[in-house]
Amino acid sequence: MPELPEIQAHAERLDAAFATAPLERFTPLAFTALKTASPPPEAAYDKELVFVGRRGKHLLLDFGVATFVVHLMQGGRLKPDEKQAAKPRFGQARWRFADGRALLLTEAGTERKAGVWVLAGDPEDQAPLLGLGPDADTVDRSQLAPLLQEHPMRLHGFLRDQHIIAGLGRLLANEVCHRARLSPFANTAKLDHDDVAQLAEAIGVCINDGLAFERGLTEMSSSAQRPSNVHHRVGEPCPACGDTVRAVEYSRYTVAYCASCQTGGKVLADNTTSKFLK
Ligand SMILES: [Zn+2]
């Protein structure tokens with residue numbers, strides 16, 4: 001799934017290309033695409049696109065009177081629509097502008113979870129943005145410490161929980177834990193002052209590395225292209241120490257880590273499954 005750096009760089013690309021263009025028409029192409037009934041998308045017709053922004057992993061197309069919030073989920077993409085075909089492959093929704101250009105939301109696969117919310121007023125106070133934690137690129141050490149204390153849980157899950165900190169996903173959770181030299185299973189409430197400092201620094205560095213990479217591209221990267229030290233590198237040598245990158249596998253994601261760098265050499269097993277293996 002695209003995470004904060006990919007969504008941020010993409011928002012910047014779309015903003016540079018489409019800001020100030022008046023909206024002519026919004027067309028849902030799949031019945032699941034539009035998640036809201038009021039205000040109608042027509043509220044934004046003839047209004048200029050003020051800016052394209054980001055909140056968490058959501059893209060925001062702000063037309064002043066209404067904001068279109070777009071969540072790409074796993075396989076969604078929002079791209080300039082050159083062909084404007086009647087039934088585009090994987091098509092979910094289309095924004096057509098007065099100058100003849102268009103943006104097309106597509107979602108590959110069968111999950112059908114990508115979506116568009118049309119919101120009037122402050123989008124922060126409404127679903128799907130309501131309840132998101134602060135954006136990960138704005139969280140410093142002093143903000144991170146109380147969040148860790150208030151949410152005692154495994155560090156990897158903490159980093160991925162959008163209600164605690166918004167914008168990080170599976171790749172950055174793995175990369176942040178590795179860079180901070182902390183176990184992905186570390187209890188957040190037990191991290192000491194130095195751990196928290198390393199964690200805050202790692203979040204910043206990993207996001208900046210991702211942004212620097214992503215801003216050099218003309219389209220959003222695929223997960224496999226993104227810079228990583230442990231994610232997608234299970235079985236390879238750790239770039240920091242040469243130990244083998246290990247994994248704890250879950251049905252929907254993989255926790256990748258280096259035992260030498262992060263757990264004092266301890267090989268992790270998931271408690272919830274390992275008891276059945278004994
Ligand atoms: Zn290592």
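Select Pro128, which is found in the loop between β8 (115-119) and α2 (141-150); helices (H or I, at least four residues) and strands (E, at least two) are DSSP runs, numbered from the N terminus. The peptide bond that joins Ala127 and Pro128 is cis, with omega about 5 degrees. This is a predicted model, in which local features need pLDDT of at least 70 and side-chain atom pairs count only at pLDDT 80 or more, while totals for chains, interfaces and linings use all residues. Residues are numbered from 1 along each chain as its sequence is written, and side-chain values use heavy atoms, with hydrogens and water left out.

Next, select Pro39, in the loop between β1 and β2 (51-55). The bond from Ser38 to Pro39 is cis as well, with omega near 0 degrees. The loop between β1 and β2 also holds Asp46, a residue other than glycine whose phi is positive, near 70 degrees. Most residues other than glycine have a negative phi, and most peptide bonds are trans.

**The four-stranded sheet**

Now display the strands in the order β1-β6-β7-β5: they form an open sheet of four strands with antiparallel pairing. Two strands pair if DSSP finds at least two bridges between them. At the edges are β1 (23-28) and β5, each of which pairs on one side only. From one strand to the next the twist averages 15 degrees, taken between axes that are lines fitted to C-alpha atoms (for helices over the stretch in contact), with angles from 0 to 180 degrees between N-to-C directions.

Which residue of β6 is the bridge partner of Leu23? Select Phe97 to see that partner. The antiparallel pairing of β1 with β6 (residues 91-97) extends over five bridges.

**The zinc site**

Select the zinc ion, which is coordinated by the SG atoms of Cys238, Cys241, Cys258 and Cys261 at 2.2 to 2.4 Å. Donors are N, O and S atoms within 2.8 Å of the metal (3.2 Å for Na, K and Ca); water is not among the atoms, so sites may look incomplete. The four donor atoms make angles of 97 to 113 degrees, and the site is tetrahedral, a term for four donors with all angles between 85 and 135 degrees. Along the sequence, the donor residues follow the spacing C-x2-C-x16-C-x2-C. Cys241 lies in the loop between α5 (193-215) and β9 (245-249) and Cys261 in helix α6 (residues 259-262), so this pair ties together parts that are 20 residues apart in sequence.

Then select β9 and β10, which form a hairpin with four residues between them. The two strands pair in the antiparallel sense over five bridges, and Glu249 stands opposite Thr254 in β10.

**The largest pocket**

Finally, select Met1, Lys57, Arg160, Gly169 and Arg170, which lie nearest the centre of the largest pocket among its 25 lining residues. On a 1 Å grid over the protein atoms alone, a pocket is an open set of points where a 1.4 Å probe fits, with protein on both sides within 12 Å along at least five of seven lines; lining residues have an atom within 4 Å of a point. The elements that give two or more residues to this lining are α4 (170-179) and β10 (254-258).

Note on methods
Tetrahedral: all angles 85-135°; square planar, octahedral: opposite > 155°, others 65-115°.
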